[in-house]
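Reader: Pick one part of this model and take me through it closely, please. I'd like the cut-offs spelled out as you go.

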Amino acid sequence: MRKALRSVALAGMTGALMVTAGWAGVGLVPVPTASAPTAPATGDAVDGVLIDDAGALPVTGAGAPARAQLGAGRLLVGAAKTSMLPRPDKMQVRFPGARWETDPAKCKTLAPEWYSDLPKAALNALDGIASAGSTWPENPSCIYQGGFGIGPTNPVKSFDTTLGLWVRSMAFSDGKQTIITTVIDGEGWLWDYERKCSDCGAKQIAAALAADPQIVARKVGVTPASHILHATHSHASPDFIGGWGFVPNWYMAQITDAIKSTAKQAVLSMEAARVETGELDARAFNNERRDTYRSAEESQLSWIRAVAANPRARGKNGGPRVIATLGAYAAHPTSFGTNEGVAHPDWPGQFEKALENRFGGIGLHFMTGLGNMSNAQGKMTGAGLAALIPGIGKGRPVDKTAVRIAQVTATSALTNVPLTALGTPGFFDRKFSPTPALVRTGKEPDMAPCISTSPQSVELPITAARIGDDIVFSAAPGEVFSNFTNTVKEKNAGRVTFPLAQANDALGYMPQSFEINPVSQQGLGLIAGGYVFVNYEDGYAIDRCVGDLMLEQTLSLLTEVKK
């Protein structure tokens with residue numbers, strides 16, 4: 001068995017390590033973790049960054065909220081945020097000796113032999129799993145940025161103190177069903193981890209929230225499908241996948257706890273609110289980047305704002321009190337590069353901070369079809385997009401407020417040879433299934449199907465939600481492309497649509513079959529960043545039909561939530 005695993009690892013590592021541009025999905029380093037951590041202390045401030053935990057914001061009374069307080073055109077809305085600043089001092093009970101190494105010189109990065117002697121690197125990686133639980137030869141107390149190259153290349157020496165990095169949540173409820181939207185400043189977060197932890201996947205977090213006694217006591221219809229967990233994909237932010245180095249067990253647990261407590265607090269702090277929404281053209285802020293064909297950008301900036309319904313609730317500059325403002329746009333957040341080792345939320349963090357400064361409350365940003373969308377305005381993107389959001393009361397009022405949610409898990413084939421070869425022995429910390437897959441999908445699956453088969457498969461979550469006749473959400477588990485998101489918007493014309501990507505999972509690029517080059521998908525798209533061949537994104541697509549499968553499942557769910 002060990003000989004066979006070595007053979008598989010050798011083939012897989014040789015293909016997957018030939019890369020100069022980072023994959024935004026699959027992660028390495030399957031390592032078991034301990035149970036839940038101790039939460040950060042309320043009100044702690046470190047390097048100027050506030051730590052808010054579950055007790056930091058006012059909690060409304062226990063029991064089901066009186067639906068009479070809502071009335072026409074009202075939703076229950078709550079929001080919360082928690083700092084992601086590493087706090088090993090708060091994790092000592094669960095993780096004795098937890099420490100964060102902030103000296104980059106002590107955070108080992110990839111040695112030249114990892115590229116010059118790939119066979120040796122592959123075998124060393126397999127031995128590393130057996131002996132240390134890590135495929136990478138680095139200091140396990142270090143935190144690494146994700147998305148540049150592969151392996152531990154960019155250690156984090158400090159966190160930005162102007163914007164900070166945060167977990168942010170916003171909850172919407174009609175008193176019967178609840179949508180919880182949570183975003184972290186991270187490269188990605190997975191649906192189901194193979195070995196890193198048993199409770200930190202988006203799947204397990206959603207189940208824990210639905211079963212939380214305090215949330216259950218609110219009787220507002222929180223189910224596992226309610227929670228949408230998104231990562232901004234900022235390349236200068238921490239890697240929570242493991243593809244760019246070891247993720248310290250204590251830090252993984254700290255952020256898992258922060259996600260749960262922040263989402264919980266958003267639900268517990270819900271109050272009656274007026275909601276307005278809108279969609280704006282923002283064509284100047286992104287551009288498509290595929291090498292072999294042209295495509296239409298997804299140029300719209302969608303937004304939602306919730307204002308406390310209580311007329312006595314005063315907010316910024318004495319105006320109405322804004323609970324939160326949420327925006328969604330597609331542009332890769334790479335404008336800050338590695339930021340000299342300082343973890344940074346990139347332009348989404350600037351956008352969120354600008355909203356908070358301008359309107360008060362909590363600002364949130366979610367990526368949409370970023371798979372083929374590059375940032376066109378650099379470090380000016382966040383502030384520029386935030387400036388487009390109209391003033392309080394100038395959006396489209398949400399008058400009908402019934403909430404509907406639907407979720408399915410689809411089974412995708414795994415046909416990318418270099419990537420699945422690594423997943424089989426456990427190099428990727430993403431749970432794959434040994435069950436064979438047969439996918440037949442497409443607009444006309446009986447006449448012109450996309451068909452794919454593989455000896456193993458992977459579970460992918462897809463979510464759709466709707467608020468009245470005005471707002472539509474969808475959530476795809478990877479970096480979908482603009483044709484996907486533009487199609488979702490076209491099928492929901494007349495509504496403000498939020499076709500979110502990197503939501504509840506981060507399993508690579510998800511082009512549709514007509515967009516993918518099969519040769520590039522089988523490892524050649526990885527070589528020299530895709531420049532010798534074509535389309536490096538193809539090298540990180542798990543299957544040529546995955547985009548088609550996600551789109552058809554999304555459109556079907558959106559039809560379901562209309563009923």
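Author: Let's start with Ala171, which sits in strand E5 (residues 166-173). Strands here are DSSP runs of E with at least two residues, helices are runs of H or I with at least four, and both are numbered from the N terminus. Keep in mind that this is a predicted model, where local features need pLDDT of at least 70 and side-chain atom pairs count only at pLDDT 80 or more, while totals for chains, interfaces and linings use all residues. Residues are numbered from 1 along each chain as its sequence is written, and side-chain values use heavy atoms, with hydrogens and water left out.

Ala171 comes out at 0% relative accessible area, so it is buried (that's under 20%; exposed is over 50%, partly exposed is in between, using a 1.4 Å probe and protein chains only). What does Ala171 touch? Skipping residues up to four places away in sequence, its contacts include Leu76, Val77 and Gly78, then Thr178, Ile179 and Ile180, and also Ala266, Val267 and Met270. A contact means heavy atoms within 4.5 Å. Leu75 is 96 residues from Ala171 in sequence, yet their C-alpha atoms are 9.8 Å apart.

Now the cysteines. A disulfide is a pair of cysteine sulfur atoms within 2.5 Å, and that rule gives 3 of them. Cys107 pairs with Cys142, sulfurs 2.1 Å apart, and the -90° about the S-S bond makes that link left-handed. Cys107 is in the loop between strand E3 (75-83) and helix H2 (113-116), and Cys142 is in the loop between helix H3 (118-132) and strand E4 (158-159), so the bond ties together parts 35 residues apart in sequence. Both ends are buried: Cys107 at 3%, Cys142 at 0%.

Cys450 and Cys545 make another disulfide, with sulfurs 1.9 Å apart. Its S-S torsion is about -90°, so this one is left-handed. The pair links distant parts of the chain, 95 residues apart: Cys450 belongs to strand E18 (residues 450-454), and Cys545 to the loop between helix H11 (518-521) and helix H12 (546-561). Cys450 is buried at 4%, and Cys545 at 1%.

That leaves Cys197 and Cys200, whose sulfurs are 1.5 Å apart. Cys197 has 8% relative accessibility and counts as buried, as does Cys200 with 1%. Number the bonded cysteines in sequence order and the pairing reads 1-2, 3-4, 5-6.
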